[in-house]
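Subject: Structure for you to look at

Hello,

Please find the structure below, with the sequence. My notes on it follow.

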Amino acid sequence: MKKRLSLILVFILLFSLVGCKEKVEVKKNSDLKEDVKKADTVDRNQVFVSPEWIKSVMDKQQEESQDYIILEASWGKEKASPDYMEGHIEGAIHVNTDSVEEDPVWNLKSPEELEKSLLGLGITKDTTTIIYGKNAAAAARVAHAYLWAGVENVKVLNGNIETWKSKGYEVEKKINKPIPVKDFGTKVPAKPEYILSIDEVAKKLEEDKNFKLVSVRAYNEYIGETSGYTYIPKAGEPKGAIWGKGGKTADSNEDFVHKDGTFINLEEMINMWKELGFEFDKEDELSFYCGTGWRAAIPFLILYENGYNNMNVYDGGWLEWQLHDELPVQVGDPKGDVKYTTVGELSNDKAIK
C-alpha cells in the first residue's frame with residue numbers, strides 16, 4: 001500500500017514539473033513573438049526612430065534596412081569610452097567622434113578622410129546607419145557628418161541606452177568590430193550644402209537679409225559672459241547672431257532634449273523659438289552653430305526630417321570665429337544691452353576654469 005501511494009505521489013510530482021516546464025516555454029515563446037513584431041516602416045528622411053523600430057531592423061523585419069549598422073557615438077576609442085564598455089545595443093560598433101572631426105578647430109574632416117572612416121566601418125551610401133549615444137549632441141554630430149558625406153538613410157535612436165533598456169531589450173559589453181568595405185558608392189561630400197565655411201557665413205551676414213545665423217548655445221555664452229570651453233579664451237558671438245537656446249552649459253542640451261532623453265519635435269522647437277521672438281519662413285536660410293559643431297547638429301536634424309532643405313551648419317562655430325581679429329562680434333543681448341566690436345578687441349580671460 002505504501003509503495004502504491006509512493007508511486008502515485010511520484011507520478012503527481014513528475015506531472016506537475018512537466019506542466020510547469022511547458023508553461024515557462026509558452027511564456028518565453030510569447031515574449032519572443034512580441035520582440036519580433038514588425039514596427040511601422042518609416043520614411044527615409046525620418047531621422048529619429050524608436051527602440052521598437054531598431055529592434056525590428058535587427059530582427060530583419062524591415063525590408064529596406066537589411067543592410068544596416070548600429071553605432072554608439074562617443075569620444076575616445078572603445079576601451080576609453082565608458083558609455084560603450086558599460087553596455088551597448090547588441091552588435092553595436094563604437095564610433096569615436098574624432099573619426100568625423102579634427103583639431104585645431106574641430107571642423108569636419110576632409111572628404112577623403114571621412115570617406116576612409118566610413119569605409120573602415122563598413123558603411124556605404126546605401127547602408128542604413130543607426131546612431132545613438134549617451135550624449136545626444138555626439139550622436140547628432142556624427143549623423144550630420146554622415147548625411148553631409150552622402151549616407152542616404154541615417155537614423156538616430158530617439159533617446160539613449162536607457163531608453164533602449166526600458167523596453168526590455170538586451171545590452172552587451174563585448175567589443176564588436178566592423179567589416180570594412182571598398183566602395184562608398186558616391187562622391188564625398190554628396191551634400192556639400194549642409195556645411196558653411198567661416199568665409200561664407202561672414203559674407204552672408206553682410207549681404208543676405210534672408211540669412212539667419214542661429215546660436216545653439218547657453219545664454220551666458222551667447223551674451224559673452226563665458227566662452228563655455230577651457231580652450232576658448234574669448235567670449236561673444238558673430239555680429240547678427242540670433243539665440244536659439246541650447247542648454248545651461250556647453251555640455252548640456254536640455255532645451256532640445258526631454259528629461260527622458262528623447263528629442264523635442266519640430267512643433268516644440270518652433271514654439272520655443274517663438275517665445276524668444278525668433279520666427280522664420282521656409283525661404284529663410286538657417287545656419288546653426290555652437291562652440292565646435294555638436295549642439296548645432298540637433299536643430300539641423302529636426303528640420304531635415306521635416307522636409308526643410310534651406311538649412312545648414314556653420315561648422316567652425318565660435319571657436320573658429322574668435323581666431324580672426326578682424327571679424328565683427330556682439331557682446332551682450334541685441335534685444336537689450338549689447339556692444340558691437342571686433343574679435344581683436346575682446347579680452348582673453350573668458351575660458352572656463
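Predicted model: local features only at pLDDT ≥ 70, side-chain atom pairs only at ≥ 80, totals over all residues.

Threonine 249 sits in the loop between β13 (242–243) and α9; helices (H or I, at least four residues) and strands (E, at least two) are DSSP runs, numbered from the N terminus. At 41% relative accessibility, threonine 249 counts as partly exposed; buried means under 20% relative accessible area, exposed over 50%, and partly exposed in between (1.4 Å probe, protein chains only).

Residues are numbered from 1 along each chain as its sequence is written, and side-chain values use heavy atoms, with hydrogens and water left out.

The chain as a whole

The protein chain has 11 helices and 17 strands. Of its 353 residues, 50% are buried. Among contacts in the chain with a separation of 6 or more, 70% are between residues 24 or more positions apart.

Nonpolar cores

A nonpolar core is a set of buried Ala, Val, Leu, Ile, Met, Phe, Trp, Tyr and Cys residues joined through side-chain atoms within 4.5 Å. The largest has 84 residues, and Tyr146 and Phe288 touch the most other members. Helix α5 (residues 136–149) supplies the largest share of this core, 12 residues. Another core, of 16 residues, lies apart from it and includes Val49, Met58, Ile89 and Ile130. Leaving aside neighbours within four places in sequence, the contacts of phenylalanine 288 include Val214, Val216, Trp273, Pro299, Phe300 and Leu303.

Helix packing

Two packed helices are described by the angle between their axes and the distance between the axes. Axes here are lines fitted to C-alpha atoms, for helices over the stretch in contact, and angles run from 0 to 180 degrees between N-to-C directions.

Helix α9 (residues 266–275) packs with helix α10 (residues 297–305) at an angle of about 125°, the axes being 10 Å apart. The two are therefore oblique to each other; angles under 35 degrees count as roughly parallel, over 145 as roughly antiparallel, 65 to 115 as roughly perpendicular and the rest as oblique. Their crossing is left-handed, that is, the near helix is turned anticlockwise from the far one by less than a right angle (clockwise would be right-handed). Leu266, Met269 and Trp273 in α9 meet Pro299, Ile302 and Leu303 in α10. By class, this contact has 6 nonpolar, no polar and no charged residues; Ala, Val, Leu, Ile, Met, Phe, Trp, Tyr, Cys and Pro count as nonpolar, Asp, Glu, Lys and Arg as charged, and the others, Gly among them, as polar.

Helix α10 also meets α5: their axes come within 8 Å and cross at roughly 60°. That makes α5 oblique to α10. This crossing, too, is left-handed. From α5 the contact includes Ala136, Arg141, His144 and Leu147, and from α10 it includes Ala297, Phe300 and Tyr304. The classes in the contact of α5 with α10 are 10 nonpolar, 1 polar and 1 charged.

Backbone points to check

Most residues other than glycine have a negative phi, and most peptide bonds are trans. Which residues does a cis peptide bond join at an omega of about 15°? They are aspartate 103 and proline 104, and proline 104 lies in the loop between β5 (101–102) and β6 (107–108). Tryptophan 106 is in the loop between β5 and β6 and has a positive phi of about 60° although it is not a glycine. With a relative accessible area of 23%, tryptophan 106 is partly exposed.

A cis peptide bond also joins valine 188 and proline 189, with omega about 0°. Proline 189 is in the loop between β9 (171–172) and β10 (195–196).

In α2, 7 of the 8 residues are buried, so this helix is largely enclosed by the rest of the structure. α2 is followed by lysine 60, whose phi is positive, near 60°. Lysine 60 is in the loop between α2 (51–58) and β2 (68–74) and, at 46% relative accessibility, counts as partly exposed.

Regards

Terms used: Contact = heavy atoms within 4.5 Å.
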